[in-house]
Every structure is written in structure tokens, then in C-alpha cells.
Amino acid sequence: MSRGWCSPERYVQGPGEFDNLKFYTDKFGKKILAFIDGFLYDEFGKRLKALYEEEGYVVNAVAFSGEVTEELIDEKAKEFCEDRPDVVLGIGGGKTIDVAKAVGTKLNLPFLVIPTIAATDAPTSSLSVIYRTDGSHVGEFFYDHSPSVLVVDSQIIAQAPTRFLVSGMGDALATLIEAESTRKSNTPNLVYHKAGGFRQTLAGQAIARACYESLMKYGGFAKTACDQNVVTDALEHIIETNILLSGLGFENNATSGAHSINDGLTAVENSSKTMHGEKVAFGCIVQLMMECAPQEKLEEVLSFCMEVGLPVCLEDLFVENADSNIQKIAEASMHSNWGNMPFDVTTDLVYSAIKTADAYGKGYKEVWNIKHKKQEN
Ligand SMILES: [Zn+2]
């Protein structure tokens with residue numbers, strides 16, 4: 001199998017980068033179509049228009065809310081196919097970004113991604129997640145193009161609720177854990193996914209390691225900075241980790257067990273109470289348990305989760321640890337990526353791994369809490 005790599009053409013990150021957007025779009029032309037998250041529309045619609053006040057620019061800002069459906073993508077592509085823009089922007093969270101990617105691709109236009117939170121690694125990737133209007137998941141649209149430019153304004157990310165950043169760390173936590181398993185199984189990555197993908201590059205593997213190391217080093221400090229709504233170097237490191245390293249890591253190495261558990265967890269009650277990265281974090285513990293990882297490795301991950309506030313057991317995900325629930329999660333997870341593991345995974349194996357991960361995580365949390373209370377007193 002040949003090796004393959006993909007990434008956005010450019011990536012920039014820093015406080016105030018939003019105000020430099022015109023510099024990044026000028027290369028493509030003066031007609032801008034921007035999708036903006038509905039609840040951010042007032043603020044960012046105004047800020048965006050102010051950047052392009054000069055003569056000759058046309059800015060069409062569209063407020064987006066609801067689900068990313070095939071119908072909506074077709075409708076928007078049709079609406080703008082006569083009077084074509086030069087470039088499409090997605091400003092906001094994952095869904096708005098996914099609409100911009102999909103419409104940009106349909107119209108064969110470059111697209112720029114401007115995330116306002118660092119909750120997942122979606123901004124970097126060349127795919128959109130598609131839903132039905134009732135919120136149920138349809139599948140993914142895979143593209144042969146990555147975003148042209150990713151513009152991350154760290155001041156905007158610092159002002160968003162910390163839970164988004166922490167959830168992004170949960171998503172990033174899976175990058176190395178999954179990459180190591182897909183390397184062993186020689187699973188094709190997501191580069192030109194429609195054509196079957198490629199073998200991992202050394203670059204992809206190095207990025208997955210950097211992703212994990214950065215979380216361990218800077219995660220706690222970054223959370224504190226975000227709690228205070230200020231930008232520090234640690235926060236900058238974690239924003240880059242959550243968005244760039246984690247995004248490049250999963251696309252260039254593929255996902256496996258942790259994301260399968262995320263998918264399984266969406267089948268049980270209270271699933272909507274937790275975010276993607278929070279479910280993935282527990283998925284990491286399940287995968288490590290199944291792989292019989294060294295105790296130090298498992299406890300490093302658990303300690304990290306406790307420090308930043310990620311789930312370590314089912315109770316933290318508002319899921320009752322009843323056998324029927326665990327069975328349901330295990331069964332639903334079998335439709336996902338367990339096939340990318342280097343050994344055969346059965347529903348029974350997943351069931352046992354969830355049960356032990358939950359018990360171990362719960363026990364670890366109790367001891368951790370006692371220890372940290374003692375230190376406080
Ligand atoms: Zn993910």
C-alpha cells in the first residue's frame with residue numbers, strides 16, 4: 001500500500017486573526033459567501049462586514065442553525081450557483097463549518113474555516129458529517145480537498161465556555177491511542193478516502209505523538225487560562241493540539257476503538273447531555289483496557305482526564321452502568337471502527353472492556369478525589 005498525507009493548505013492561529021480575514025481571502029477574490037452560526041450572527045456578521053467595507057467587495061453573510069442535511073446543502077448550492085461567490089467561509093462550530101465545506105465543494109470553490117470553539121478536530125478535515133432534520137446521523141461526505149486556509153483566532157476561543165476546549169482535548173486524546181492501533185493493523189487512512197485511503201506516513205505518526213505529549217504537558221494550564229478567558233502560551237498549544245494536531249492525526253492515521261465507543265454511546269439514554277470529545281475520552285479508557293495497556297499508561301490517561309475534567313466512567317457520562325445499557329453500547333459500537341483494530345473484536349470483548357473500564361475508572365476517581373481533598377486541607 002502506498003503512503004498518503006493530506007492537510008489544509010495554510011493554518012494560522014493567534015489573538016485577533018479574525019480581523020486579518022481579508023488578507024487571507026483576497027487571494028481568491030472579492031465576492032465572499034460566509035455561513036455564520038445563528039447565535040453568533042449578530043456579532044460576527046457585523047465584524048465581518050466591517051472588514052470588507054472597501055469598494056468592490058460583496059459579502060453575503062448567511063446565518064446557519066439546525067442540521068446539516070443533504071437537502072440544505074443542495075438548496076444553498078443552487079441558490080449561489082448563478083451568482084457565484086469567489087470563496088466560501090464557515091464561521092462557528094462544527095455544523096456551520098461542515099455546511100461551508102459542503103457548499104464550497106459542491107460549487108467547486110475554495111473554502112476557509114474559521115472555528116469559534118476548539119471542541120473537536122473537525123475544522124481541519126476534508127469531510128462533513130450529514131444528518132437528517134430530526135438530528136439522526138446519515139453518514140459522512142468525503143472531499144478530495146482540505147480547507148484552503150484555517151484561521152483560528154485564539155482570543156475568540158478563550159472567550160468560549162471552557163467545556164468546549166476540554167471536550168476538544170478528549171477528542172485529541174484518542175489521536176495517538178487510535179493511530180497506534182491502526183498502524184499495527186495497517187488500516188488505510190482517510191486520504192482520498194473514497195478511493196480507499198493510504199498507509200500512514202511518518203509525518204502522520206509524529207503528529208499523533210506530538211498531539212498526546214502536548215495534552216499531557218499543557219492541558220491543565222490551558223484549561224485554567226480558558227477559565228479566566230485569557231490567552232496564554234499553554235492555551236495556544238492546546239488550541240493547536242485540539243484543532244490542527246488532532247485533525248491531521250485522525251485524517252492521516254484513521255480512527256478505531258475510542259471513536260467506536262463514542263458511536264455506541266449515542267445509542268443510550270442521556271447521550272445528548274455529553275459532547276463528542278467527552279464520549280471519546282471514555283472510549284480511550286475502554287480501548288486501552290481492551291488492549292491490556294500498561295498500568296502506567298492507563299493511569300496517565302485517567303489522571304489527565306481527572307485533571308481537566310473529562311469523564312472516566314459511565315456515571316460521568318450520565319449513563320447508568322446497568323448490564324443492558326452496556327450491552328446496548330457494545331452492540332451499537334460494532335457498526336463503527338472496531339475493524340481497524342489489530343485483532344478481532346467481538347461484542348463480548350467490547351462488553352467486557354466497557355465493564356472493566358467503568359469499574360477501574362470509578363475506582364481511580366474515588367482515590368484521586370480523596371488524595372486531592374487531602375492536599376487541599
Ligand atoms: Zn472525533
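Select helix α6 (residues 162-185) together with helix α9 (residues 257-265), whose axes come within 8 Å and cross at roughly 115°; axes are lines fitted to C-alpha atoms, for helices over the stretch in contact, with angles from 0 to 180 degrees between N-to-C directions. Helices are DSSP runs (H or I, at least four residues), as strands are (E, at least two), numbered from the N terminus. Next, show Ala174, Ile177, Glu178 and Ser181 of α6 with Gly257, Ala258 and His259 of α9, the residues that make the contact (C-beta atoms, placed from the backbone, within 7 Å).

This is a predicted model, in which local features need pLDDT of at least 70 and side-chain atom pairs count only at pLDDT 80 or more, while totals for chains, interfaces and linings use all residues. Residues are numbered from 1 along each chain as its sequence is written.

Stay on α6 and go to Leu176, where the helix bends by about 25°, the angle between axes fitted to the seven residues ending there and the seven starting there.

Now colour domain 1 (10-158) and domain 2 (163-367) separately, with bounds that come from an automatic or database domain assignment. Their centres, taken over C-alpha atoms, are separated by 27 Å, and their contact takes 19 residues from domain 1 and 29 residues from domain 2. Finally, select β1 (10-14) and α5 (154-159), each of which supplies at least two residues of the side of domain 1 that touches domain 2; the largest share of that side, four residues, comes from α5.

Definitions and conventions. Two residues are in contact if their C-beta atoms, placed from the backbone, lie within 7 Å.
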